Amino acid sequence: MISEGSLIADLYERFAPNVLKYIRRHVATREQAEDILLDVFVAALEKPGFAQLDEQQQLAWLRRVAHNKFVDLQRHAQRHSHLPLETVEGMLSDDELAPEQVILRQEAHEHLRMRLDALPVTQREVLRMRFASGLRCLEIGQRINKSEGAARIILSRTLNLLRSSYKRNSEEADSE
């Protein structure tokens with residue numbers, strides 16, 4: 001009598017290379033492909049009557065399950081977009097990841113948002129056109145019906161106002 005362990009090993013030995021090759025064409029990393037491959041073979045072991053299928057039917061079933069698994073992976077990735085941990089580790093130092101630093105950054109962003117909301121409409125628009133739209137002072141001036149020099153002065157004064165406000169806020173936070 002053939003043991004279940006040898007049946008599993010035989011099944012894996014016969015079909016794993018073919019199924020892995022199929023999965024690998026559809027996913028980004030080898031690790032993802034190997035994870036899906038394991039899920040496929042676990043599903044095969046849990047399927048009643050899988051051993052009674054002929055070899056061609058078994059391969060077709062495994063490939064269909066593999067297809068469904070990588071489609072599920074893609075759907076999950078679309079719903080839950082994220083960066084790989086390796087990417088994030090290089091972006092932030094340990095100090096920047098500390099909860100206190102995260103809260104301080106959030107407070108600084110909130111302070112900046114409040115300061116931006118308090119600016120006159122023209123100054124907000126000039127900032128938006130320069131930094132969100134990437135326009136130069138000449139283009140900004142044309143859009144707000146002012147000279148390039150006037151647009152440059154508005155931009156400079158607005159940035160200086162925000163800088164001084166930010167410095168005051170930082171100094172107040174340090175003194176607390």
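Tutor: A term to begin with: helices (H or I, at least four residues) and strands (E, at least two) are runs in DSSP, numbered from the N terminus. The model is predicted; local features need pLDDT of at least 70, side-chain atom pairs count only at pLDDT 80 or more, and totals for chains, interfaces and linings use all residues. Residues are numbered from 1 along each chain as its sequence is written, and side-chain values use heavy atoms, with hydrogens and water left out.

Student: Fine. Where is Asn145 found?

Tutor: Asn145 sits in the loop between helix H8 (137-143) and helix H9 (148-175). Its phi is near 60 degrees, a positive value in a residue other than glycine.

Student: Buried or exposed, that Asn145?

Tutor: Asn145 is exposed because its relative accessible area is 72%. The cut-offs are under 20% for buried and over 50% for exposed, with partly exposed in between (1.4 Å probe, protein chains only).

Student: Which residues in the largest nonpolar core touch the most other members?

Tutor: Val19, Ile23, Leu37, Phe41 and Leu62 do, in a core of 21 residues. Helix H1 (4-24), helix H2 (30-46) and H3 are the elements that give two or more residues to this core. Apart from it there is another core, of 12 residues, with Leu135, Ile140, Ala151 and Leu155 among them. A nonpolar core here is a set of buried Ala, Val, Leu, Ile, Met, Phe, Trp, Tyr and Cys residues joined through side-chain atoms within 4.5 Å.

Student: Is Ala16 buried or exposed?

Tutor: Ala16 is a residue of helix H1 and counts as buried because its relative accessible area is 6%. Neighbours within four places aside, Ala16 is in contact with Leu11, Leu37 and Phe41.

Student: New topic: Gln58. Which helix is it in?

Tutor: Helix H3, residues 55-79. Gln58 counts as buried because its relative accessibility is 5%.

Student: What does the side chain of Gln58 reach?

Tutor: The backbone oxygen of Phe50, at 3.1 Å. A polar contact is a pair of N or O atoms within 3.5 Å; within protein, one must be able to donate a hydrogen and the other to accept it, and residues adjacent in sequence count only if both atoms are side-chain atoms. Not counting residues up to four places away, Gln58 touches Leu11, Arg14, Phe15, Phe50, Ala51 and Leu53.

Student: What does the side chain of Glu55 make a polar contact with?

Tutor: With the side chain of Arg14, at 3.4 Å. Glu55 is found in helix H3. Beyond four places in sequence, Glu55 touches Arg14 and Phe15. Glu55 and Phe15 are 40 residues apart along the chain, and their C-alpha atoms are separated by 9.3 Å.

Student: Last one: which ring face does Arg130 lie over?

Tutor: That of Phe131, at 5.8 Å from the ring centre. The test asks for NZ of Lys or CZ of Arg within 6 Å of the ring centre and within 35 degrees of the ring normal.

Key
Contact = heavy atoms within 4.5 Å.
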